[in-house]
Amino acid sequence: MSYVFLFAAILFEVMGTTCMKLSEGFTKTLPSIMIFVFYGVSFTLFTLALKRLEVSLAYAIWSGIGTLSITAIGIFYFDETLTALKVGSIALIVIGVIGLNLSSGIN
């Protein structure tokens, strides 16, 4: 169940971050309000996930998947550029998350 909380937390964090962009510097009311709603739900779910998950692993997964998701949204929805440096950097993040995941099973 902890992983369900974690992935739901990531989803809400990504929605909150997307609303930051859509709020246009807090000039749009609804996206501005939704930033706080989505982040509130996200942090609540993340806290529940941490009851059973190691914080280093959970945060690595949170930040890695969140970064990957926001990058994809930026590219496909906000027409941001995709460069070789972005692809390489995201690959390193994914490798790091996998490494942390593997190391959490070693005692």
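Residues are numbered from 1 along each chain as its sequence is written, and side-chain values use heavy atoms, with hydrogens and water left out. In this predicted model, local features need pLDDT of at least 70 and side-chain atom pairs count only at pLDDT 80 or more, while totals for chains, interfaces and linings use all residues.

**The whole chain**

The protein chain has four helices and zero strands, giving the pattern α-α-α-α along the sequence. Here helices (H or I, at least four residues) and strands (E, at least two) are DSSP runs, numbered from the N terminus. The C-alpha trace spans about 50 × 35 × 15 Å along its principal axes. Of the 107 residues, 31% count as buried, meaning under 20% relative accessible area with a 1.4 Å probe, protein chains only. Take the contacts (heavy atoms within 4.5 Å) between residues at least 6 apart in sequence: 64% of them join residues at least 24 apart.

**Helix 1 on its own**

Helix 1 covers residues 2-22, and its 21 residues should span 30 Å at 1.5 Å a residue, which agrees with the 30 Å between its end C-alpha atoms. That expected span is 1.5 Å times one less than the number of residues. Its buried residues include L6, I10, E13, V14 and T17, and the buried residues of this helix pack against helix 2 (29-49) and helix 3 (55-76). After the helix comes E24, with a positive phi near 50°.

**Its two partners**

The table sets out the packing, with axes fitted to C-alpha atoms over the stretch in contact and angles running from 0 to 180 degrees between N-to-C directions.

| Pair | Angle | Axis distance |
|---|---|---|
| Helix 1 and helix 2 | about 160° | 7 Å |
| Helix 1 and helix 3 | roughly 40° | within 9 Å |

Helix 1 is therefore oblique to helix 3, but roughly antiparallel to helix 2. Angles under 35 degrees count as roughly parallel, over 145 as roughly antiparallel, 65 to 115 as roughly perpendicular and the rest as oblique.

Helix 1 passes helix 3 in a right-handed crossing. Among the residues making this contact are Y3, F7 and I10 of helix 1 and L57, W62 and I73 of helix 3. By class, the contact has 13 nonpolar, four polar and one charged residues. Ala, Val, Leu, Ile, Met, Phe, Trp, Tyr, Cys and Pro count as nonpolar, Asp, Glu, Lys and Arg as charged, and the others, Gly among them, as polar.

Notes: Buried < 20%, exposed > 50% of the residue type's maximum accessible area, 1.4 Å probe, protein only. Left-handed = near helix turned anticlockwise from the far one by under 90°.
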